Amino acid sequence: MSITWFENLVGKENVSDEIVDREVYSTDASQIKGKCDKVVWATEVKHLHQIVLYAKRNKLDLIPRGAGTNLVGSCVPDNSVVIDFSKMNKIIALTSNYVVVEPGVILDDLNSVLRDKFFPIQPEDSSTCTIGGMIGINSSGFYEKKYGRMKDWVLEVEMIDGNGRLKTYDSKVVGKEGILGLITNIKLKITDKIDERSMNVFKYDKLNDVLSKVNELKSNQEVIAIEFINLDAAKLAGLEERYYLIVEYHGFEGGVRDLNEMGRLWHIRKKIFHKLASNSYVYLEDPLIPQENLAEFLYYLETKNIPCYGPIGINVLYPCFSNREEIKELYDTILRLRGVIGSRQGIGLLKKNYLNEVMKEELRNLKEQMDPMHIMNKGKVI
Amino acid sequence: MAGVDKCILCGKCRADSALLRVTGKEMLTARGKALLIMKGILDKVFYIDPLNDVTVRSCPTNVEISEEVRKQRERLVENGIETKANRRMIDNIREFGNPYGSLEKKDIKEVYS
Ligand SMILES: Cc1cc2nc3c(=O)[nH]c(=O)nc-3n(C[C@H](O)[C@H](O)[C@H](O)COP(=O)(O)OP(=O)(O)OC[C@H]3O[C@@H](n4cnc5c(N)ncnc54)[C@H](O)[C@@H]3O)c2cc1C
Ligand code: SF4
């Protein structure tokens, strides 16, 4: 497939098949390696439309990509054309209850213009992840207990599907990991900034005490985030070796009300991944465990000395590993406890064998309608 | 501080790359450069590296990309791969003791950095 067609359409500066570009777009944060044929830096919807029609005629595989920070291989190419959305990063409209953005907008860039407004989906990597990627994965953040996930805040998504049709959709296209089409424009709900906030940090020596506190906090409507750190993670992070619950309240129920101090507490939580990663625990899992089996799961991690942290308030945990081989046993345990593998950070290539058949069937039907030629993100999810 | 073998491709360093914001090009980020180094791809891209891109504040595994890039530049020069601007700078430093060339020309009124 010649590059000339693309150069004529998007200009030489917005397409490359040079080895340096093909190499750096051959993977993503999953560390799985694929083969990139070309990279196009998206700048205009009309170009993207032409590219989809061309891909249909020539049976090309197109891979939409934001920051490439997904952990499941959702942007790994297979002799594909990677469409990088980093340059489509304009905030188009900001009103009192919604915002319209291009897909390449970085979440923190959006945060910085909101002033007295608030977009409540705040994942850990807000300084890098793009709104398009967050829609692709149906991202979740620290405040999911109260505010839900990305799909709950999407009003409209403009997308060119695999048939080449440019249409506006509701949240039904959220979480589809680029297998239906190229998202070109997004309208998101926003809400009022929370002024009355406070926090608490609870420390425990016994897991049973942690669990009863979590149960109590879950039923408290003021609580908007409950984050857990287990003993192994605390130790590796250089904290006192105890169990931690970091809790945020909407209102002044918590003892910590100073915004700087609250920022410091969140900083400690956000640095856990850094600390674990620098100790070689670089592979992060994201199981959802049913309430009745949460205790058993936490004891299992404990006996295996698996460092773990995460939003226990929604029954999701992030156990971390230094070696992918060790994860198989974790999966067996999650399934035995009737949990969900890959509950928050996507399915991609890594977890597609574990997606349940009902969801797969639903996705296959959508794919048949919206991308019957299978030119969008080949081989992912289903 | 760690070498590129410790890079876990998390992409956190994208937040530090001012050039990325303008160009959208992943190869200008520390992650991009780490991938090229791991693969042994020697390219002029290692000359494009303003200061704010070499100090990776966000890196969870402390990859010291600036040191790695310096080594790549050494290799580039050894292999005779240079940019014109780089060659001119080196010649100027050798001949005049500064990267701009003779100050006799008096055509440099102000210098910003
Ligand atoms: C350190 C770290 C912490 C993380 N923390 C969280 C967390 O707290 N919560 C969470 O949910 N996730 C988290 N993640 C996972 C990931 O970063 C997020 O899911 C993020 O939203 C991905 O954004 P991105 O821009 O990097 O998307 P990418 O990885 O580039 O893409 C993600 C998916 O979206 C698709 N996509 C991207 N742009 C478009 C488009 N324009 N049109 C159609 N499809 C598109 C891609 O094809 C892909 O399938 C974390 C990852 C890391 C490395
Ligand atoms: S932040 Fe560090 S580990 Fe992560 S991609 Fe960049 S260089 Fe690699």
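The model is predicted, and the predictor assigns the complex an ipTM of 0.94 and a pTM of 0.94. For chain B, the mean pLDDT is 84.

**Confidence in chain B**
- A pLDDT of at least 70 is reached by 83% of the residues in chain B.
- Within chain B, helix H2 (residues 30–39) has the highest confidence, at a mean of 95, and helix H3 (residues 51–54) has the lowest, at 52.
- Where pLDDT is low, predicted coordinates should not be read in detail.

**Sheet in chain A**
- Four strands of chain A form an open sheet with mixed pairing, in the order S1-S2-S4-S3.
- Strands S1 (15–16) and S3 (62–65) of chain A are at the edges with a single partner strand each, so each has one side without a neighbour in the sheet.
- Strands S2 (residues 35–41) and S4 (residues 78–84) of chain A run parallel and are joined by six bridges.
- A:Trp41 is opposite A:Asp84, which belongs to S4(A).
- Helix H3 (residues 45–58) of chain A lies across S2, S3 and S4 of chain A, at about 150° to S3(A).

**Helix pair H7 and H11 in chain A**
- Helix H7 (residues 207–218) and helix H11 (residues 294–303) of chain A have axes that come within 11 Å and cross at roughly 140°.
- H7(A) is therefore oblique to H11(A), and their crossing is right-handed.
- From H7(A), A:Leu207, A:Asn208, A:Leu211 and A:Lys218 contact A:Leu294, A:Ala295, A:Leu298, A:Tyr299 and A:Glu302 of H11(A).
- The contact between H7(A) and H11(A) comprises six nonpolar, one polar and two charged residues.

Conventions
Residues are numbered from 1 along each chain as its sequence is written. Chains are lettered from A and ligands numbered from 1 in the order in which they are written. This is a predicted model: local features need pLDDT of at least 70, side-chain atom pairs count only at pLDDT 80 or more; totals for chains, interfaces and linings use all residues. Side-chain values use heavy atoms; hydrogens and water are left out. pLDDT is the predictor's confidence in each residue, from 0 to 100. Helices (H or I, at least four residues) and strands (E, at least two) are DSSP runs, numbered from the N terminus. Two strands pair if DSSP finds at least two bridges between them. Contact means heavy atoms within 4.5 Å. Axes are lines fitted to C-alpha atoms, for helices over the stretch in contact, and angles run from 0 to 180 degrees between N-to-C directions. Angles under 35 degrees count as roughly parallel, over 145 as roughly antiparallel, 65 to 115 as roughly perpendicular and the rest as oblique. A crossing is left-handed if the near helix is turned anticlockwise from the far one by less than a right angle, and right-handed if clockwise. Ala, Val, Leu, Ile, Met, Phe, Trp, Tyr, Cys and Pro count as nonpolar, Asp, Glu, Lys and Arg as charged, and the others, Gly among them, as polar.
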